[in-house]
Amino acid sequence: MTGAHSHQPVLLDEVMDALKVQPEGYYIDATFGRGGHSAAILEQLNEQGRLLALDRDPRAIAYGREHFADEPRIEFEHINFNQVADVLAQRQLESNINGVLMDLGVSSPQLDDAGRGFSFMHNGPLDMRMDTTRGESASEWLARVELEELVTVLKRYGEEKFARRIAHGVIEARQQQPITETAQLVNIIEQAMPVKEKHKHPATRSFQAIRMHINQELQSIETGLEAMLGALKPGGRLAVISFHSIEDRLVKRFMKAKVTRPVLPKNLPVFDTDEDPPYRLVGKPRTASAQELENNPRSRSARLRVLERIR
Ligand SMILES: C[S@@+](CC[C@H](N)C(=O)[O-])C[C@H]1O[C@@H](n2cnc3c(N)ncnc32)[C@H](O)[C@@H]1O
């Protein structure tokens with residue numbers, strides 16, 4: 001794909017390595033975006049193989065339906081991936097999936113389109129919703145949020161040291177006029193920051209935090225991971241790419257818990273095999289190669305973790 005709205009799929013070789021696509025298998029791309037990974041999966045499927053592509057962003061799904069219109073092996077659903085169980089039940093596909101990819105976070109087209117409000121680099125309406133058909137925009141939320149809640153969000157999802165100063169800045173500014181554009185928020189953050197970090201835009205952390213809150217991203221990931229595991233058949237694999245440490249910590253903890261034997265009371269009669277968790281971790285977490293880093297700087301913080309359902 002080329003052009004300003006292209007999306008270079010990250011860790012593509014590593015993902016394909018992890019999924020080990022079986023030509024007649026049934027796969028899920030839980031975060032279709034612009035379909036970079038989907039296209040690579042389709043290449044390895046034969047005529048019986050199927051791909052279910054999900055995205056909560058209606059534009060991603062519209063793009064997919066248009067650009068993959070001649071591709072009978074792919075189906076699209078505009079849903080939050082944590083709702084996948086309903087979609088699989090309708091298709092009688094529970095526990096029948098060979099592999100799932102979750103490429104978390106926002107896509108380049110979402111970031112690059114000023115009209116979506118995700119970017120502190122271009123001015124636009126302060127929206128930040130991935131699913132523009134429901135929920136509250138960042139602007140609406142900032143108009144009503146209380147100081148303490150805003151401080152908590154900026155700290156929890158942005159690890160922002162100056163959370164309280166920024167939150168005060170927001171509350172003061174909105175008394176003058178509503179905060180409806182990204183440039184206004186950038187300005188408030190810049191004014192509130194007593195020191196500037198080198199090589200990092202002062203609004204990076206706050207924009208990430210507000211976006212994660214508006215889209216309830218961690219909550220979706222937590223319930224989504226569980227839902228995707230429920231979809232896998234024995235031998236099926238779940239590949240997850242995270243983009244920052246908060247996401248990665250959650251994925252790591254989730255996967256670790258799935259491969260850890262539960263601690264049982266000593267005097268309980270249990271058979272050995274009962275205790276073995278039905279999952280295993282596949283390899284070590286993977287990050288971008290030097291070559292990928294050079295071609296696509298956005299791959300810098302991407303990290304891939306893979307879990308396999310054994311039985
Ligand atoms: C990093 S991009 C994926 C890019 C894609 N792999 C490609 O090659 O084009 C993440 C996508 O996941 C979507 N997304 C994020 N959270 C989601 C969720 N909870 N449910 C469904 N889609 C989600 C976003 O809307 C975005 O389009």
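Domain bounds here come from an automatic or database domain assignment. For this protein, that assignment gives domain 1 (12–109 + 217–309) and domain 2 (132–214). The model is a predicted one, so to speak of local features takes a pLDDT of at least 70 and side-chain atom pairs count only at pLDDT 80 or more, while totals for chains, interfaces and linings use all residues. Residues are numbered from 1 along each chain as its sequence is written, and side-chain values use heavy atoms, with hydrogens and water left out.

How far apart do the two domains sit? The C-alpha centres of domain 1 and domain 2 are 31 Å apart. Where they meet, domain 1 puts in 12 residues and domain 2 nine, with contact meaning heavy atoms within 4.5 Å. Together they bury about 890 Å², and 49% of that is on carbon and sulfur atoms; buried area is the accessible area (1.4 Å probe) that two parts lose on being put together, summed over both. On the domain 1 side, Glu217, His244 and Ile246 supply 47% of the area buried against domain 2, more than any other three residues.

Now for the charges. Two salt bridges are counted between the domains, a salt bridge being a side-chain nitrogen of Lys or Arg within 4 Å of a carboxyl oxygen of Asp or Glu. Arg211 and Glu217 form a salt bridge, with their closest N and O atoms 2.7 Å apart. As for helices (DSSP runs of H or I, at least four residues, numbered from the N terminus), α12 (245–258) gives the most to the side of domain 1 that touches domain 2, namely four residues.

How values were computed:
Helices (H or I, at least four residues) and strands (E, at least two) are DSSP runs, numbered from the N terminus.
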